[in-house]
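Here are a few exercises to work through with the model open in your viewer. Try each task before you read its solution.

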Amino acid sequence: MKAVHSYAAQAADQPLAPYSLDRREPGSNDVEIKILYCGVCHSDIHTARNEWGGTMYPVVPGHEIVGKVSRVGDQVTQFKVGDTVGVGCFVDSCGHCQNCDEDNEQYCENGNSQTYNSLLQDKKTITYGGYSSHIVVTEKFVLRVSDKLPLEKVAPLLCAGITTYSPLKHWNVKKGDKLAVVGLGGLGHMAVKIAASMGAEVTVLSRSKGKEKDAQQLGAHHFELTTDPENMKKLANSFNFIIDTVSAEHDYNEYLSLLKTNGVMVLLGVPPTPADVHAFNLIGGRRSLVGSLVGGIRETQEMLDYCAEHQITSDVEMISIDQINEAYERTLKGDVHYRFVIDMASLN
Ligand code: NAP
Ligand code: ZN
């Protein structure tokens, strides 16, 4: 065991604060990573505040991790000390179910081990995330990161990047498709960049008028305000795809009616409360309402390589770890442009 510096929430109504965390010594197949940067995902906030239920305190959030390999186990073959690497939303899975066999470890039938607030495959050991100086991960779940891009801007790709890349690939979004992104935050801004790079005609649907200019700079072709009912009516039957990244309760029916016939609305955001969907909004137009969870390890590596090739990174605002609680408040207000990233050097 090695005690490392971290930041943890001790209860749903407590701010995050310094916490001394015990990390395991690297086993034969483990890679120990000195964390340089960690992005701040809205899932960190949902979890720290127990908005989905099931948070095990103390919780150390963070699953957009980039760092350098600091130690390796004796059986590790893919990484060596000094390599630049990343860790995303999960750190292990059963490795033998159909989904694991098909490189979809995120849908592991026996339950994968998420990077924090989860159990390792022994089903006993609690996981702790990237708001910490080091993490130890079995090498199969470590990603290779190019040194060509600024690493603080790469960190958010490990969740926001793969979560938006995966459905765009799965539903084969291509040149000429009309695609809307609902909510311009961490996931939303990556959806805009990646969908535009694939040739889609991208519209941002936002409640924040102040984000219009940014939307265009990020690569969106159009910007529409969702708070104006007349505007929403005008957009009926406009899109082949809608990528919904909204973190709070909202009416899915309003957005389903914006889909063309055979259109697909992909839910990525996970509001804490369930929602009602009227069947008419699906059957009239043979529309689909679907969901998608991050992406598997193979696909995450593919996404990192794609982003390196296309020079796609996140727009980030760097913070020190002691600004984390303020960053949570600003994220909740929609005041994030477009991902907070913690400079982990501030932890020491
Ligand atoms: P974020 O940066 O906070 O962005 C969410 C955006 O949603 C906001 O910027 C805002 O955009 C919009 N929004 C927020 N509250 C709203 C409200 N009450 N009504 C309408 N719009 C609202 O969050 P994020 O990190 O992108 O995460 C978004 C969601 O995805 C979270 O629920 C997170 O847990 C989930 N998530 C899912 C996966 C997955 O695998 N499916 C992975 C990661 C995260 P505008 O100001 O433009 O309206
Ligand atoms: Zn995330």
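A residue counts as near a molecule if one of its heavy atoms lies within 4 Å of it. Keep in mind that this is a predicted model.

**Exercise 1.** Find which residues come nearest to ligand 1.

*Solution.* Start with the shell: 29 residues sit around ligand 1. Out of that set, H42, S206, S208, K211 and R339 come nearest. Now sort the shell by class, and you get 12 nonpolar, 14 polar and 3 charged residues.

**Exercise 2.** Work out how far the polar atoms of K211, V270 and R339 lie from oxygen atoms of ligand 1.

*Solution.* Take the side chains to begin with. K211 puts a polar side-chain atom 2.7 Å from a ligand oxygen, and for R339 a side-chain N or O atom is 2.6 Å from one. Then turn to the backbone: a polar backbone atom of V270 lies 3.0 Å from an oxygen of ligand 1. As for cover, the protein hides 91% of the 920 Å² of accessible area that ligand 1 has on its own.

**Exercise 3.** Trace which elements and domains supply the shell around ligand 1.

*Solution.* Look for elements giving two or more residues: these are α1 (42-48) and α5 (186-197). Of the elements, α1 gives the most, with 3 residues. Next, check the domains: domain 1 (2-159 + 295-306 + 313-347) and domain 2 (161-291) each contribute at least three residues.

Key. Residues are numbered from 1 along each chain as its sequence is written. Chains are lettered from A and ligands numbered from 1 in the order in which they are written. This is a predicted model: local features need pLDDT of at least 70, side-chain atom pairs count only at pLDDT 80 or more; totals for chains, interfaces and linings use all residues. Side-chain values use heavy atoms; hydrogens and water are left out. A polar contact is a pair of N or O atoms within 3.5 Å; within protein, one must be able to donate a hydrogen and the other to accept it, and residues adjacent in sequence count only if both atoms are side-chain atoms. Accessible areas come from the Shrake-Rupley method with a 1.4 Å probe; for residues, only the protein chains shown count as cover. Helices (H or I, at least four residues) and strands (E, at least two) are DSSP runs, numbered from the N terminus. Ala, Val, Leu, Ile, Met, Phe, Trp, Tyr, Cys and Pro count as nonpolar, Asp, Glu, Lys and Arg as charged, and the others, Gly among them, as polar. Domain bounds come from an automatic or database domain assignment.
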